[in-house]
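Subject: Structure handover

Hello,

Here is the structure we spoke about, with my notes below it. Please read the notes with the model open.

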Amino acid sequence: WIWIRAFPNPAARAKALKGFYESAAWLSRRASANRTIRSSRDAILLKRHAGDLEGLQVPPLSRARRPSSLIECTRYFLKRGEDEGEVLGFIQAKALPLLKRLGAAPCLLLSRADVPNLYPRAPLRQSPVVVSLLRFSSIDAHRRHLLARKASREWAAVELELASRLKGPPESWRLQPMRRSAL
């Protein structure tokens, strides 16, 4: 699974992680929980470049079902020496508007935050990366979008341009928000 958490600053992140990982609840369940996790070595601390986190609220405990929405999370790992600002600008100016025309609802555009890790027990990946989150109303809406994207010559050109700036192919996941997810 992929866990997306937001903190107002590095100190708040460190305080929250310390409070969680040193709590009696975690310590008593840590071994069984860790057996379900393939790896926790792929954590990235990100900062927002586009999209709005304001107004996102965790739904009440009484929410009975998961939302039907789907989030596509894509990570773009940049080649060494590639200008992060230029890649962000290209994605924001070319890729996101086209993806929107093809049926996606862009949520967030993020990149690696260059701040100190104040909770070193939770190591962070240091590779330059750009992450986009796209929202879809349903799995079917996402399937239609993927078909439109595959058929789009304009998208093929955008992918080619992006590929020239990346270490490898983008990594994408389809995420279904949990019932308490603000996304």
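What follows covers the sheet, the helices packed on it, and the side-chain contacts.

Please keep in mind that this is a predicted model.

Five strands make up an open sheet, with antiparallel pairing and the order 1-3-4-2-5. Strand 1 (46-51) and strand 5 are the edge strands; each has a single partner strand, so one side of each has no neighbour in the sheet. On average, neighbouring strands are turned by 20° against each other, direction ignored.

Strand 2 (residues 70-77) is the one I looked at in detail. Strand 2 runs antiparallel to strand 4, and eight bridges join the two. In that pairing, Leu 70 is opposite Phe 136 of strand 4. Strand 2 also pairs with strand 5 (residues 171-175), again in the antiparallel sense, over five bridges. There, Ile 71 has Leu 175 of strand 5 as its bridge partner.

How many of the eight residues of strand 2 are buried? The count is eight of the eight, so strand 2 is largely enclosed by the rest of the structure. In a regular strand, side chains alternate between the two faces of the sheet. In strand 2, Leu 70, Glu 72, Thr 74 and Tyr 76 point one way, while Ile 71, Cys 73, Arg 75 and Phe 77 point the other way, and all of them are buried.

Helices on the sheet

Helix 3 (residues 84-101) lies across strand 1, strand 2, strand 3 and strand 4, and runs at about 170° to strand 3. Helix 4 also packs on the sheet, where it touches strand 2, strand 4 and strand 5; the direction of helix 4 makes about 40° with that of strand 2.

Salt bridges

There are nine salt bridges in the structure. The ones below are among them.

- Arg 149 and Glu 72: their side chains meet in a salt bridge, 3.1 Å from N to O. The pair links distant parts of the chain, with Arg 149 in helix 4 (residues 139-151) and Glu 72 in strand 2, 77 residues apart. Arg 149 counts as buried because its relative accessible area is 15%, under the 20% cut-off. Glu 72 is buried as well, at 4% relative accessibility.
- Lys 18 and Glu 22: the closest N and O atoms of this salt bridge are 2.7 Å apart. Lys 18 is partly exposed, with a relative accessible area of 44%, and Glu 22 is partly exposed at 38%.
- Arg 121 and Glu 22: Glu 22 also forms a salt bridge with Arg 121, at 3.3 Å from N to O. This pair, too, links distant parts of the chain: Arg 121 is in the loop between strand 3 (105-112) and strand 4 (129-136), Glu 22 is in the loop between helix 1 (10-21) and helix 2 (24-34), and they are 99 residues apart. Arg 121 counts as exposed because its relative accessibility is 53%, over the 50% cut-off.
- Glu 82, Glu 86, Glu 161 and Arg 165: a network of salt bridges links these four residues.

A loop contact

Ser 152 sits in the loop between helix 4 and helix 5 (153-163). Is Ser 152 buried or exposed? At 11% relative accessibility, Ser 152 is buried. A polar atom of the Ser 152 side chain lies 2.9 Å from the backbone nitrogen of Trp 155.

Regards

Definitions and conventions
Residues are numbered from 1 along each chain as its sequence is written. This is a predicted model: local features need pLDDT of at least 70, side-chain atom pairs count only at pLDDT 80 or more; totals for chains, interfaces and linings use all residues. Side-chain values use heavy atoms; hydrogens and water are left out. Buried means under 20% relative accessible area, exposed over 50%, partly exposed in between (1.4 Å probe, protein chains only). Helices (H or I, at least four residues) and strands (E, at least two) are DSSP runs, numbered from the N terminus. Two strands pair if DSSP finds at least two bridges between them. A polar contact is a pair of N or O atoms within 3.5 Å; within protein, one must be able to donate a hydrogen and the other to accept it, and residues adjacent in sequence count only if both atoms are side-chain atoms. Axes are lines fitted to C-alpha atoms, for helices over the stretch in contact, and angles run from 0 to 180 degrees between N-to-C directions. Contact means heavy atoms within 4.5 Å.
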